[in-house]
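Thanks for making time this morning; I would like to walk through one model with you, going from its overall layout to a few local details. Please have the sequence and the structure open while I talk.

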Amino acid sequence: MASVDYLFNDPHHLHVTHTFGRKSEPDQRSGEELSTVDKNITEIIVVRRGQTVWNAAKRIHGHLDIGLNDAGKQQAVAVAKRLAKEFEISAVYSSDLKRALETAETIANSCGAVEVIQDPNLRERHFGELQGVLYSEAPAIKRKAYEGGGESLNQLYKRCTTSVQTIATKHRGERVVVVTHSGVIRALHWRVSNGKSDRAEKIVNVSVNVLHLSDSDEWVIKSWGDVSHLNGAKFL
């Protein structure tokens, strides 16, 4: 596969408001289909973590460990209620950064106290010296993330797609939740689309993205960017 680094001419394109693919229609599967998973696939429900004060301030997180703000906690409750009602979850995996872990723990509690398995490979991209900087100030630094001690997009892609593939292999025939970050979700969409997608849509906090991974190493999007659980909510 070609390099993914050309997708972002960072630091100028470090925005969290784009994803590779177009938003899918809401999942139209029946109740029976939602409660069962084919034994040859793993259904992975990828959830972006809730909001933080740095989101509101338009500040770059990276690996800096910022917890959820009040709105983010409410978002976590909303997506947790939705998942508990619609899906039978076998496991919950999460980035070990607070903002993701808090979201994952809320989901796990709503889904019957499923254990949250922390995986550092699900962390956001490391932005090096750009971490903590306002997006508006990043262009003035004139340094790419990996030149300032951070990661390239290829490094992010390799670690997070490998992690999700490992999870899928371990949980074949099951449904699991993965709580992670916008950069990771972009990389996963890049993997699914084989690099043939655009960046037209936002990756909203606590959006739900459903992937099917098969024994044949095929990745398929079942639904993408679903935030129906936030409809009418002030904290969207």
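Two remarks on where the values come from. This is a predicted model, in which local features need pLDDT of at least 70 and side-chain atom pairs count only at pLDDT 80 or more, while totals for chains, interfaces and linings use all residues. Residues are numbered from 1 along each chain as its sequence is written, and side-chain values use heavy atoms, with hydrogens and water left out.

Let me begin with the whole chain. The protein chain has seven helices and six strands, and read from the N terminus the elements follow the order α-β-α-α-β-α-β-α-α-β-α-β-β. Of its 236 residues, 54% are buried, where buried means under 20% relative accessible area, exposed means over 50%, and partly exposed lies in between, with a 1.4 Å probe and protein chains only. If we take the contacts in the protein chain with a separation of 6 or more, 79% of them join residues 24 or more positions apart.

Now to helix 6, which covers residues 153-170. The buried residues of helix 6 are L153, L156, Y157, R159, C160, T161, S163, V164, Q165, I167 and A168. What do these buried residues of helix 6 pack against? The partners are strand 1 (41-48), strand 2 (91-94), strand 4 (175-180), helix 7, strand 5 (208-214) and strand 6 (219-226).

The axes themselves are lines fitted to C-alpha atoms, for helices over the stretch in contact, and angles run from 0 to 180 degrees between N-to-C directions. On the helix 6 side the contact involves L156, Y157, C160, T161, V164 and Q165, which meet G183, V184, A187, L188, W190 and R191 of helix 7. Sorted by type, the residues of this contact are eight nonpolar, three polar and one charged, with Ala, Val, Leu, Ile, Met, Phe, Trp, Tyr, Cys and Pro counted as nonpolar, Asp, Glu, Lys and Arg as charged, and the others, Gly among them, as polar.

Helix 4, residues 98-110, can be treated in the same manner: 13 residues at 1.5 Å each should span 18 Å, and the end C-alpha atoms are 18 Å apart, which agrees. Its buried residues, R99, A100, L101, T103, A104, I107 and A108, pack against strand 1, helix 3 (70-86), strand 2, strand 3 (116-118) and strand 4. Just after helix 4, G112 takes a positive phi of about 90°.

That brings me to the backbone. Most residues other than glycine have a negative phi, and most peptide bonds are trans. V206 is not a glycine, yet has a positive phi of about 55°; V206 sits in the loop between helix 7 and strand 5 and is buried at 0% relative accessibility. D217, also not a glycine, has a positive phi of about 70°, but D217 lies in the loop between strand 5 and strand 6 and is partly exposed at 41%.

Finally, the cysteines: how many disulfides does a search of the whole structure find? The count is zero, taking a disulfide as a pair of cysteine sulfur atoms within 2.5 Å. C111 is buried with a relative accessible area of 17%, and C160 is buried with 0%.

How values were computed:
Helices (H or I, at least four residues) and strands (E, at least two) are DSSP runs, numbered from the N terminus. Contact means heavy atoms within 4.5 Å. The expected span of a helix is 1.5 Å times one less than its number of residues.
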